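Me: I am new to this one and would like to learn how to read it. Could you show it to me and take me through a few features?

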Amino acid sequence: LYLDGVPTETFTGNTAFSIDTIGKAYPNTTLHYNFQGTLDEVHVYENALSAGDVATLYQSELPPGDFSVTRLRIVLLGGQSNADGRATISGLPTSPVNLQQPQADVDFFHKVEGGTAALTTLRPGLSETAQFGPEIILGREMADLWASETNTRVAIIKYANGGTNLAVQWKGGGNATTTGDGTEYVVFQQTVTAGLAALAAAYPSATLDLQGMVWLQGESDATAAYAPSYQTNLTNFITDVRATYGAALPFVIARLSSGQTNLNSTYLNQVRAAQDAVNAADPRTGILITDSFGLNADNLHFSAAGQQSIGEGFALQTAYYEWITDQFSASDINTGLAEQTGDRDGDGQNNFREFMAATNPTSSTSAFAAGFIYQNTTSADISYSTSVSRIYSVERYREIDGAWEQALPALSGTGAEVTRTLGLTGPRGLYRVKVRLP
């Protein structure tokens, strides 16, 4: 007897059964394989099948898809031209990972205006202008962060359209339907629906886990007509997104840059202030400050370097809000105790530092620390606890210029305490262990 192509039990003697009507079978003896149900296929062979034959038959009749993936961590991406991407592909790094080429471990469902939505692997060149947006670094860093989680993949679903406004085109009607929604928001929802269906078909065994939505938009609302209502419109939009995709869905806003001088400064600052106000009022909303991020010569669109900074910031913020969902109660989050600058357990380390160190933010006895043991004049041991989802490097303070330099190279955490040996040369100094996300 085989279950899903794998031998499960062996019988001897009379194992015959009769088929009295199509689709139903009964054993002639009291054996365990009394199906008592409907069979969708019956195969009759002249010879007994080997275990290999049965396994091959089972595999040949499986529906298409990768059954090894059991969890898909999905991020939604929307907005206007900067979300779509106006950055040159040649500005992406080629080492240590060549980001100018497809990334086989990240799925990407995307649509551009007038195009056909499609599922592929993450790659540049799929924006309206055949360039790239924040998705490249966002996907790469999210995949690296969850690389240690067995049978997990990261996916991004994106729809963005240049020159579109929130006031009318991305307007949220306030509920899980498309009633009252703006035309661009309707297309976005259709893209997400199609993307989730495509991912479910590609990974039939996977749970689809929406990690959050990232939003890069506001330039088209920096006008006299729309800027004064941006705070209300963004609040309503987020409410609609959560009604559609989950009441606790994190939402990350990339704030307009002070360097976008192509825009009217008065209305630019109104939109920026509105974005800050929405973030401050919502404990599940994060904000990404983009003022130092690179811009193209038009002082409107983010450059290749700027887009990489946005992608990195989106990944960090998305990971933080996923972390607080796991670490804090809903009540703590709702009352603001999970804010990045807060210190829920009163141990002197704010929540963001606890996130970076992968410590428990609700326990005052859980804190990241390093121990230093002097061995002799030429060596010392430095010890610290680690997490499998963090990278650790040891740095030395340089008194001559007040900078920190690498003393020991970065290593991935193992989940256990690690002890590393330092070579001591020159005058005594200060050492620290620096933690970062992959």
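**Reading strands and helices**

Reply: Gladly! Nine bridges link strand β5 to strand β9 (residues 207–216), and the two run parallel. This is a predicted model, where local features need pLDDT of at least 70, side-chain atom pairs count only at pLDDT 80 or more, and totals for chains, interfaces and linings use all residues. Residues are numbered from 1 along each chain as its sequence is written, and side-chain values use heavy atoms, with hydrogens and water left out.

Me: What makes two strands a pair?

Reply: DSSP must find at least two bridges between them; strands (E, at least two residues) and helices (H or I, at least four) are DSSP runs, numbered from the N terminus. In β9, leucine 216 is the bridge partner of glycine 79. Strand β5 is also joined by nine bridges to strand β8 (residues 152–160), again running parallel, and there leucine 76 stands opposite isoleucine 157.

Me: Is β5 (residues 71–79) largely enclosed or exposed, and why?

Reply: Buried means under 20% relative accessible area (1.4 Å probe, protein chains only). Eight of the nine residues of β5 are buried, so the rest of the structure largely encloses this strand.

Me: How many residues of helix α3 (residues 135–145) are buried?

Reply: Nine of its 11, so helix α3 too is largely enclosed. Among the buried ones are Ile136, Leu138 and Met142.

Me: Which strands form the open sheet with antiparallel pairing?

Reply: Three strands, in the order β12-β13-β16. β12 (370–376) and β16 (418–423) are at the edges with a single partner strand each, so one side of each has no neighbour in the sheet. Six bridges pair β13 (residues 379–384) with β16, and serine 379 stands opposite glycine 423.

Note on methods
Buried < 20%, exposed > 50% of the residue type's maximum accessible area, 1.4 Å probe, protein only.
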